[in-house]
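Welcome! Let us take a walk through this structure together, one stop at a time.

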Amino acid sequence: MSNVFTIDGQEIPFEPGQSVMQAALTAGVFVPHLCYHPEFRPHGSCKLCTMKVNGRPATSCTTPAAAGMEVENNTTEINDKRRMLIQMLLVEGNHFCPSCEKSGNCKLQALGYALGVMSPHFTEFFPDRPVDFSHPEMLLDFNRCILCELCIRASAEVDKKNVFALSGRGLKKHLIVNAESGRLADTDFAVTDKAAEVCPVGVILRKRHGFAVPIGQRTYDLKPINEQVERFKPVTPATKEKV
Amino acid sequence: MNAPNRKLRVATTSLAGCFGCHMSFLDIDERILKLVELVEFDRSPITDIKHCGPCDLGLIEGGVCNAENVHVLREFRANCKILVALGACAVNGGLPAQRNHLDLRDILEEVYETEGGLARGSKIPNDPELPLPLDKVHPIHEVVKIDYYLPGCPPPADAIWKFLTDLIAGRTPVMGHGLLHYD
């Protein structure tokens with residue numbers, strides 16, 4: 001049997017070991033995702049990449065591709081659920097786009113546009129979250145954190161610094177800085193770190209670089225996110241290792 | 001666009017907003033001449049009518065930050081067949097809601113009593129004519145049922161035009177790339 005499965009009836013070739021998500025991205029199929037990054041091991045937590053694999057919902061980033069699978073991706077049913085996931089993420093944090101430097105480059109916002117999220121639908125939490133302005137070159141605005149753990153993975157696996165972590169459980173789960181003081185300035189975090197560039201939303205931002213690219217000319221202003229499929233880059237053995 | 005067989009009545013208001021959405025609405029420029037062939041305005045800053053009568057469409061700018069906002073919003077809901085949250089503040093609270101993690105009394109005291117540059121003896125205003133502020137600022141869908149949302153700070157004039165012409169023509173408004181903005 002050849003290494004092919006179908007997504008929404010389209011034949012998708014894959015290499016053994018690839019996930020459904022990797023094969024889909026390689027074939028240029030748009031898959032909404034926030035916690036997945038081609039250079040890191042899949043996490044399966046944001047659930048936006050959920051597809052129906054042989055009739056059962058599964059996160060495509062953690063589902064190994066197998067020959068003959070029948071996968072549903074871009075359907076009304078699945079996109080309705082993805083829209084609801086975005087709405088839940090929006091009300092859980094303080095996502096005030098008009099004042100956010102990430103606006104136009106933000107994946108959460110871009111997916112909201114692509115999926116047609118017109119309202120938060122749910123009751124806003126308006127949580128009280130801090131801003132860490134202590135580091136000379138970077139700032140942290142925890143109001144926007146969606147707990148994708150990309151900065152945690154990047155700092156631990158690539159930078160070998162372990163600057164970030166999650167603390168608390170359930171609704172109280174939140175991103176913290178691994179320092180006695182809890183301040184970013186008291187870590188060895190650097191502007192050149194991988195963790196400084198992976199945030200899909202506007203939590204980890206570089207100081208004194210605001211609005212270098214004007215609103216209206218940013219990544220997802222130019223083309224919607226569903227027309228900018230990140231082609232899959234193979235994971236290097238170093239990042240595949242368990243940490 | 002096929003014109004409906006009578007003019008639709010439209011009411012608009014700004015609650016906890018800055019009138020930026022109304023300014024963006026006026027940014028449809030000369031298209032407003034086409035619009036007034038299809039609609040007539042009830043309560044709105046454009047007409048200065050003080051209370052809303054039965055309407056087909058109500059456009060609400062701004063969230064709910066005080067008691068008067070709640071009354072106005074309920075009056076709109078009671079009179080408008082279709083109620084629309086227009087702009088970021090109506091949709092999710094927007095800028096005024098950025099006070100929600102602060103204590104209301106602390107804010108009022110800082111602004112009216114303790115901040116530098118105030119006249120000696122300044123007090124928090126307490127006139128019966130002033131609507132009482134709410135503890136938190138709320139998006140309008142947390143108070144009444146909302147039928148449509150058009151985000152943006154403000155929504156671009158082209159988005160408002162597309163939204164209104166879609167709705168008047170009996171279509172579900174669809175905002176494509178470039179028209180749907182949260183900022």
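**A hairpin to begin with**

Six residues, or in figures 6, lie between the strands of the hairpin of β8(A) and β9(A), and in this hairpin Gly168(A) adopts a positive phi near 80°. Before going on, please note that this is a predicted model, in which local features need pLDDT of at least 70 and side-chain atom pairs count only at pLDDT 80 or more, while totals for chains, interfaces and linings use all residues. Residues are numbered from 1 along each chain as its sequence is written, and chains are lettered from A and ligands numbered from 1 in the order in which they are written.

Strands (E, at least two residues) and helices (H or I, at least four) are DSSP runs, numbered from the N terminus. Strand β8 (residues 164–167) of chain A pairs with β9(A) in the antiparallel sense over 4 bridges; pairing requires that DSSP finds at least two bridges between two strands. Phe164(A) has Val177(A) in β9(A) as its bridge partner.

In a regular strand, side chains alternate between the two faces of the sheet. A residue is buried if 20 or more other C-beta atoms, placed from the backbone, lie within 10 Å of its own, exposed if 12 or fewer do, and partly exposed in between.

Where does Ala24(A) lie? Its place is in helix α1 (residues 20–26) of chain A. Ala24(A) counts as buried because it has 27 C-beta neighbours inside 10 Å. Leaving aside neighbours within four places in sequence, Ala24(A) is in contact with Ile7(A), Ile12(A), Val29(A), Val31(A) and Ser60(A), contact being C-beta atoms, placed from the backbone, within 7 Å. Ser60(A) is 36 residues from Ala24(A) in sequence, and their C-alpha atoms are 9.0 Å apart.

Ala24(A) also belongs to the largest nonpolar core, which has 102 residues; Cys151(A), Ile60(B) and Ala85(B) join Ala24(A) as those with the most contacts inside this core. Such a core is a set of buried Ala, Val, Leu, Ile, Met, Phe, Trp, Tyr and Cys residues joined through C-beta atoms within 7 Å. Helix α3 (residues 107–115) of chain A gives the largest share, 6 residues.

Finally, chain B has 6 helices and 7 strands. Of its 183 residues, 38% count as buried.

Key:
Contact = placed C-beta atoms within 7 Å.
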